[in-house]
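Me: Hi, can you walk me through a structure I have to look at for class? I'd like to take it one piece at a time.

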Amino acid sequence: MIRTIGLGLLGETRPRLDDVNLTVARGDVLALIGPSGSGKTTLLRCLNCLTPFTSGRIEIGDVAIDAAARLDVALLRRLRQKVGFIFQGYNLFPHLTAAQNVALAPHHVLGLPRADAEARAKTLLDRVGLAARAGARPAQLSGGEQQRVAIARALAMEPEVLLLDEPTAALDPELTQEVLETLRALAAGGQTMVVVTHEMGFARHVATQVAVFDAGRIVETGCPDDVFTRPREERTRRFLARVVRPGE
Amino acid sequence: MNGLLSLAAALLLPGPRGSPVSDDGALAAVKARGVLRYGGDTEGGAPYCLQDPDDPSHVVGFEVEIADRIGRELGVRAEFVQCDWKNLVPTLERGEIDLAWNGLELDAELARRVRPTRPYYVFAETIAVRPDDAKRATLASLDGGRVGTLANTLAHKVLRARPAIDTILYDDDVAPYADLMRGRLDAVVLDNVIANRHLAEGIRIADGDLLRGTYVGAVRRGDESLAVAIDGALEKLIASGELRAILARWKLDDARQALLDAPEDPRARGLLGDGGGGGGVPKLTAAHVLLFLRGAALTVFLSVASFLLAMALGVALCLAKVYGPAPLRFAASSYIEIYRGTPILLQLYVLYFGIAPIIQLPALVAAIVGLAMNYAAYEAEVYRAGLIAVPAGQAEAAKALGFTAAQALRLVVGPQAFRVALPPMANDFIALLKDTSIVSVITVVELTKQYSITAHDLGSWLVPGALCAGLYFAMSYPLTRLARHLERRFGTG
């Protein structure tokens with residue numbers, strides 16, 4: 001489903017990404033964990049070409065993008081139609097209602113008739129539990145509601161994979177739970193996802209695969225049980241010792 | 001008998017025409033000061049009064065020479081004071097000068113407002129046409145044609161009395177003759193002094209004077225003693241032939257000047273009383289109000305048309321500057337800097353007169369395009385500020401959803417930028433509404449120009465001024481409210 005081969009991104013002093021090799025199979029949920037500034041978000045943005053990478057290759061489904069090749073706009077749009085992106089700050093369109101936010105891209109990008117796009121928006125808002133708020137503007141919604149609308153907006157494009165950049169980082173614990181519930185349901189439904197997260201509980205219990213980042217490199221990958229209970233690397237142990245609260 | 005009557009009248013009535021021995025102190029004040037301050041306008045002032053080409057700090061001209069001679073007769077020094085010609089009489093009334101002395105045409109209106117001096121020049125209103133035009137030689141022959149003149153002159157009044165003539169008003173006397181030769185006008189009606197000045201441009205002056213009149217000085221009513229002294233000095237200069245010698249030096253002497261010797265000759269004095277203004281005091285009438293409303297309607301039309309155009313051009317400039325490739329970016333930035341950095345007056349002159357040899361825009365088109373091109377520069381910056389104000393995450397979210405760059409701009413970033421730009425746009429529109437008054441320099445008579453014409457006609461600035469201001473307010477206040485409403489609605493969005 002997703003494969004990165006020798007992915008690298010040069011930074012000003014040291015590489016922001018360094019030889020990142022990952023494979024995510026269909027239906028997998030990959031959690032990217034690690035200290036701040038370790039390159040998790042950068043990797044996520046590279047996967048969608050929001051940040052261009054300087055070496056290596058990305059394959060998502062049947063779309064492959066090489067750092068060496070000239071960026072092709074049509075190819076880029078095909079890539080982005082396969083990939084949904086959830087921002088930490090939601091980035092909903094403030095001049096549109098929740099339903100319009102969701103229906104905009106299906107209508108204009110996929111070419112769905114307006115009525116069909118609106119029907120799809122209604123279905124998806126219902127799925128994230130926000131059918132009643134369809135007419136509200138982002139400013140009238142809570143942070144958790146906004147993030148759920150953003151998830152519905154990404155799902156409306158029927159992406160093969162969802163990329164989520166710290167989707168709950170801006171939310172208080174209560175709202176965090178409602179968003180995580182939504183993501184859990186998506187995972188249970190077989191949605192392929194890559195999530196950058198500081199929610200260790202989520203990473204441990206929902207993800208099928210965990211990758212630990214440090215200084216632009218993957219320190220360790222494995223299934224959550226292995227990584228959380230039997231970390232192979234010293235760097236992983238130090239990181240987990242600081243972030244994992246008892247009981248998680 | 002006659003003299004006895006006027007003496008009796010002078011004794012009984014506190015009128016302006018006092019006795020020759022009137023003791024108003026005006027002459028004494030000038031003599032005590034040792035200076036006679038006379039007002040004229042050196043802008044387009046040849047041959048009346050102009051800056052000496054050899055020494056621009058010094059004024060010369062036939063009026064300057066006559067004034068110097070009058071000063072000598074009065075035993076004082078004549079001192080030139082630069083005034084705006086249109087405001088000579090108000091300047092006199094405010095006491096900044098003792099004598100308005102710059103081609104003032106004697107008519108009933110002037111005689112009512114000031115104490116006119118004895119005439120010092122007999123002029124004639126003439127018709128200037130293109131050399132190949134033999135048809136237009138009388139006022140009636142001008143019907144249906146476009147005829148240029150200066151606002152608030154006798155010629156303007158003569159033309160206005162014939163509604164069949166399409167009268168085009170200019171602010172200076174150079175442009176009408178240029179427009180005549182380019183074919184924008186069919187004729188120019190102005191006095192012979194001005195017309196003679198432009199003979200070199202190839203115009204032909206039709207035979208026969210349309211109307212004759214005289215130039216007089218203007219003294220404040222009540223400064224009778226000064227007026228009498230000036231009249232005496234003029235009489236002496238005329239009798240000695242010195243006045244005509246001065247005129248001859250400036251190539252202004254002609255057979256018409258023989259009338260100066262006979263000030264009581266109706267052809268020389270007061271013959272303009274019926275020239276146009278008619279008798280009696282003109283009042284602000286419903287007809288004036290109607291003219292004002294028409295001016296206001298034109299102001300609204302100009303504002304709306306030029307603002308719509310400015311918005312379209314502004315969007316194009318803004319997009320070129322923000323998203324365009326380097327050459328386009330440079331071109332847009334240059335346009336914006338040039339149009340913001342130069343006066344709109346200059347831009348209008350260039351658009352209407354400057355490029356006329358290449359393309360002749362009708363005045364109204366030039367006005368709309370000129371205002372639009374100027375305001376587009378400001379709008380472009382307002383829209384750019386709007387675009388910058390939209391968080392980068394919006395464009396990113398649009399990109400991530402697969403929108404093309406154009407779709408992202410049209411559907412996501414553009415609408416948000418527009419909301420940010422709305423309040424300053426409303427502000428600009430109000431400013432434009434008032435800036436439209438500037439297009440009178442290219443002969444468009446909008447509200448402010450109408451006000452200026454009417455105020456001169458009536459010799460009253462206050463009531464027409466209040467009416468004009470009221471109309472502007474009636475137009476801009478709803479817009480101010482709208483701007484405030486938009487700000488409340490979108491300002492903090």
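Me: Where is Gly89(A) found?
Reply: In this model, which is predicted, Gly89(A) sits in the loop that lies between strand E6 (83–86) and helix H3 of chain A.

Me: And is Gly89(A) buried, exposed or partly exposed?
Reply: Gly89(A) has 17 other C-beta atoms within 10 Å, and because a residue needs 20 or more to be buried and 12 or fewer to be exposed, Gly89(A) counts as partly exposed.

Me: What does Gly89(A) touch?
Reply: Leaving out residues up to four places away in sequence, Gly89(A) touches Ala170(A) and, in the other chain, Gly393(B). The C-alpha atom of Gly89(A) is also separated by 8.1 Å from that of Gln147(A), although these two residues are 58 residues apart along the chain.

Me: OK, on to the two chains: how many residues of each are in contact?
Reply: Chain A has 17 residues in contact with 16 residues of chain B. On the chain A side, the elements giving two or more residues are helix H2 (73–82) and helix H3 (98–108), and by class that side has nine nonpolar, six polar and two charged residues.

Me: New topic, which residues of H4(A) are buried?
Reply: They are Ala117(A), Arg120(A), Ala121(A), Leu124(A) and Leu125(A). Seen down the axis of H4(A), these buried residues fall within an arc of 130°, so they line one face of the helix.

Me: What do they pack against?
Reply: The buried residues of H4(A) pack against H3 and helix H5 (143–155) of chain A.

Me: And what follows H4(A)?
Reply: H4(A) is followed by Gly129(A), which has a positive phi near 80°.

Definitions and conventions. Residues are numbered from 1 along each chain as its sequence is written. Chains are lettered from A and ligands numbered from 1 in the order in which they are written. This is a predicted model: local features need pLDDT of at least 70, side-chain atom pairs count only at pLDDT 80 or more; totals for chains, interfaces and linings use all residues. Two residues are in contact if their C-beta atoms, placed from the backbone, lie within 7 Å. Helices (H or I, at least four residues) and strands (E, at least two) are DSSP runs, numbered from the N terminus. Ala, Val, Leu, Ile, Met, Phe, Trp, Tyr, Cys and Pro count as nonpolar, Asp, Glu, Lys and Arg as charged, and the others, Gly among them, as polar. The arc is that of the directions from the helix axis to the C-beta atoms.
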